[in-house]
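Please consult the sequence and the structure while reading.

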Amino acid sequence: EVAPPPPAMASRTEEVKILQENFRSVVQELEARTSELDEARAEIVRLKELSGQLTKKLDAVSKSYKTLEKEQTRAREAASRRGEAAAQTAPDPLLAEARDAAARAEAA
């Protein structure tokens with residue numbers, strides 16, 4: 001027949017069981033947090049890749065915008081030159097009137 005353990009031994013066994021359960025609980029919490037951390041790291045990698053893609057697209061749009069600005073400036077300058085050239089080739093109305101008056105005076 002096996003004798004029951006002395007009371008001090010029984011309380012120690014209970015203490016060990018409680019400590020083991022606490023340890024298991026802490027390990028489970030650590031595993032859960034580690035999993036969360038792994039997910040967060042994966043999200044950081046995804047966001048960095050997305051940021052890189054957005055930066056490339058933004059750079060391309062910025063370059064296109066600058067090119068369009070240059071083309072627009074060139075077009076305005078060309079239109080201005082065409083306007084100046086047209087203004088210079090159009091006869092001056094006062095000069096035309098003076099020529100007409102002189103022609104009429106000579107004819108009279």
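The side chains of R46 and E43 are joined by a salt bridge, at 2.8 Å from N to O; the term denotes a side-chain nitrogen of Lys or Arg within 4 Å of a carboxyl oxygen of Asp or Glu. Both residues belong to helix α1, three residues apart, about one turn of the helix. Helices (H or I, at least four residues) and strands (E, at least two) are DSSP runs, numbered from the N terminus.

The model is predicted: local features need pLDDT of at least 70, side-chain atom pairs count only at pLDDT 80 or more, and totals for chains, interfaces and linings use all residues. Residues are numbered from 1 along each chain as its sequence is written, and side-chain values use heavy atoms, leaving out hydrogens and water.

The whole structure holds five salt bridges, including these:

| Salt bridge | Distance, N to O |
|---|---|
| E29 and R33 | 2.8 Å |
| D38 and R41 | 4.0 Å |
| R46 and E43 | 2.8 Å |

E29 and R33 are four residues apart in helix α1, so about one helical turn separates them. D38 and R41 also lie in helix α1, three residues apart.

Relative accessible area classes a residue as buried (under 20%), exposed (over 50%) or partly exposed (in between), with a 1.4 Å probe and protein chains only. R33 is exposed at 53%, whereas E29 is partly exposed at 41%. R46 is partly exposed at 42%, as is E43 at 34%. Of the 108 residues of the chain, 0% count as buried.

The chain has two helices and zero strands. L47 lies in helix α1, which spans residues 7–89.
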